[in-house]
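Let us walk through a protein structure step by step. Keep the sequence and the picture side by side as you read.

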Amino acid sequence: MATYKKKYKPEGKKEQQQFDDSEFETAGVLNTLDETASKSEQWIEKNSKPLFYSLIAVVVLFLAYLGYNNYISEPNELEASNELAFPRKYYDMASTAGSGIDSLLTLGLEGADGKYGFLDIADSYSGTNAGNLANYYAGVSYLEMKQYDKAIDHLEKFNSDDEMLGPITLGAVGDAFADINQPEQALEYYEKAANKKDNEFTTPLFLYKAGMTAMELKKFDKATSLFTKIKDNYPTSDQGLNVDKFINAAKYSEQ
């Protein structure tokens with residue numbers, strides 16, 4: 001019987017080949033990295049001036065912002081706040097006075113003795129919190145004086161997310177439109193006031209005013225919806241205690 005000798009492959013040859021391939025691949029990667037780094041260096045060198053100027057621009061903008069905030073914005077805000085104290089005095093006096101209210105409100109609006117009034121502060125310090133607040137006081141003062149167009153103008157310039165002041169301001173605009181017999185606009189602002197912030201005081205109050213205005217406009221479906229919101233969501237509010245009769249009146253008027 002013939003005997004065959006097994007042929008053995010030299011051990012380590014395959015592994016050596018793999019090792020050699022790995023070294024080749026690593027060298028290729030390193031060469032690629034060197035080329036990329038070289039191109040990056042060339043690009044940076046070529047664009048060094050634009051990069052430097054861009055960096056300078058960012059630094060200048062940042063320093064300008066800090067300078068404006070520290071040396072202009074904050075002092076301006078403090079100055080405006082101090083100016084607001086003078087007309088506020090006359091506004092507060094008018095709110096408790098039994099007579100002569102218009103003259104006190106006028107002093108608050110226009111200022112006196114070289115001091116700014118609400119109108120000056122709103123104009124000269126626009127963009128500050130005090131300037132914004134001056135528009136509110138000016139608007140409410142004009143509303144008390146029955147100068148409704150001026151009241152609307154200043155109240156619409158005032159902006160607040162305060163829980164109470166935001167809705168009350170929008171409601172005051174609605175009142176001004178109602179007083180000049182523009183119920184459509186009054187209804188719009190009463191609804192805005194009701195939706196501005198959800199709370200137990202302003203929301204049912206302005207839902208009620210909106211409902212009554214809708215009744216005036218013969219929008220009985222809308223009135224029913226507005227009064228029903230009071231019944232469902234604010235039953236213990238002042239407006240919710242007797243709201244059923246308004247719901248029934250609106251439903252009856254639909255027929």
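This is a predicted model: local features need pLDDT of at least 70, side-chain atom pairs count only at pLDDT 80 or more; totals for chains, interfaces and linings use all residues.

Residues are numbered from 1 along each chain as its sequence is written, and side-chain values use heavy atoms, with hydrogens and water left out.

Start with the overall plan. The protein chain has eleven helices and zero strands. Helices (H or I, at least four residues) and strands (E, at least two) are DSSP runs, numbered from the N terminus. The chain has 255 residues, and 31% of them are buried. Buried means under 20% relative accessible area, exposed means over 50%, and partly exposed lies in between (1.4 Å probe, protein chains only). The accessible surface of the chain comes to about 17100 Å² (Shrake-Rupley method, 1.4 Å probe). Carbon and sulfur atoms hold 53% of that surface.

Now look at contacts, meaning heavy atoms within 4.5 Å. Take those with a separation of 6 or more: 52% of them join residues 24 or more positions apart.

Next, pick out helix α8, residues 183-196. It has 14 residues and reaches 20 Å from its first C-alpha to its last. That is close to the expected 20 Å, where the expected span is 1.5 Å times one less than the number of residues. Its buried residues include Leu 187, Tyr 189 and Tyr 190. The buried residues of α8 pack against α6, α7, α9 and α10.

Ser 141 sits in helix α5. Is Ser 141 buried or exposed? Ser 141 counts as buried because its relative accessible area is 0%. Leaving out residues up to four places away in sequence, Ser 141 touches Tyr 91, Leu 105, Leu 109 and Phe 118.

Now turn to the loops. Lys 146 lies between α5 and α6. Its relative accessibility is 59%, so Lys 146 is exposed. Asn 181 lies in the loop between α7 and α8. At 60%, Asn 181 is exposed too. Backbone angles come next. Most residues other than glycine have a negative phi. Phi of Lys 146 is positive, near 65°. Phi of Asn 181 is positive as well, near 60°.

End at Asp 238, in the loop between α10 and α11. Asp 238 is exposed because its relative accessible area is 64%. Asp 238 and Glu 200 are 38 residues apart along the chain. Their C-alpha atoms are separated by 9.5 Å.
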